[in-house]
Amino acid sequence: MTATTQTPTGELTLRTLAMPADANAAGDIFGGWVMAQMDLACGIRAAERARGRVVTAAVQEMAFAMPVKIGDTLCVYTEISRVGRTSMTLKVETWAQRYLTHVMEKVTEATFVMVALDADGKPTPVPEA
């Protein structure tokens with residue numbers, strides 16, 4: 001998928017560069033590194049909405065459509081799709097801007113559930129928007 005056939009959904013929440021230390025011997029970026037970036041983006045977006053501490057409670061199915069390569073810029077887009085009493089559900093899309101080009105390709109997507117916590121680490125209500 002290129003930017004001409006599809007565009008990202010959600011708000012650009014995190015951009016980072018895929019470096020050699022994040023890759024296997026073939027130059028493909030580890031899926032766990034990509035997932036960690038998605039988790040960071042969800043934490044940023046959910047903490048802003050909760051106005052406080054949040055933790056990841058669940059990650060629903062995730063499949064990789066294509067690899068991320070060394071030098072690509074990883075772009076993580078988030079959208080809060082549901083707010084419960086203490087939790088939020090976020091739809092996350094991860095795109096790779098290919099090295100030294102304007103080509104954007106969707107790499108993976110997932111749904112994350114984040115829970116708001118109080119100072120004692122117990123679930124706390126998410127404030128009204």
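**Salt bridge exercises**

Glu-11 is partly exposed, with a relative accessible area of 41% (partly exposed lies between buried, under 20% relative accessible area, and exposed, over 50%, using a 1.4 Å probe and protein chains only). The model is predicted, so local features need pLDDT of at least 70 and side-chain atom pairs count only at pLDDT 80 or more, while totals for chains, interfaces and linings use all residues. Residues are numbered from 1 along each chain as its sequence is written, and side-chain values use heavy atoms, with hydrogens and water left out.

**Exercise 1.** State which residue forms a salt bridge with Glu-11, and what the pair ties together.

Step 1. A salt bridge is a side-chain nitrogen of Lys or Arg within 4 Å of a carboxyl oxygen of Asp or Glu.
Step 2. The partner of Glu-11 is Arg-45, with the closest N and O atoms 3.7 Å apart.
Step 3. Glu-11 belongs to strand E1 (residues 11–17) and Arg-45 to helix H1 (residues 31–50), so the pair ties together parts 34 residues apart in sequence. Helices (H or I, at least four residues) and strands (E, at least two) are DSSP runs, numbered from the N terminus.
Step 4. Arg-45 has 17% relative accessibility and counts as buried.

**Exercise 2.** Describe the salt bridges of Lys-106 with Glu-93 and with Glu-109.

Step 1. Between Lys-106 and Glu-93, the closest N and O atoms are 3.6 Å apart.
Step 2. This pair links strand E6 (residues 104–116), which holds Lys-106, to strand E5 (residues 87–97), which holds Glu-93.
Step 3. For Lys-106 and Glu-109, the corresponding separation is 2.9 Å.
Step 4. Lys-106 is buried at 9% relative accessibility, whereas Glu-109 is partly exposed at 43%.
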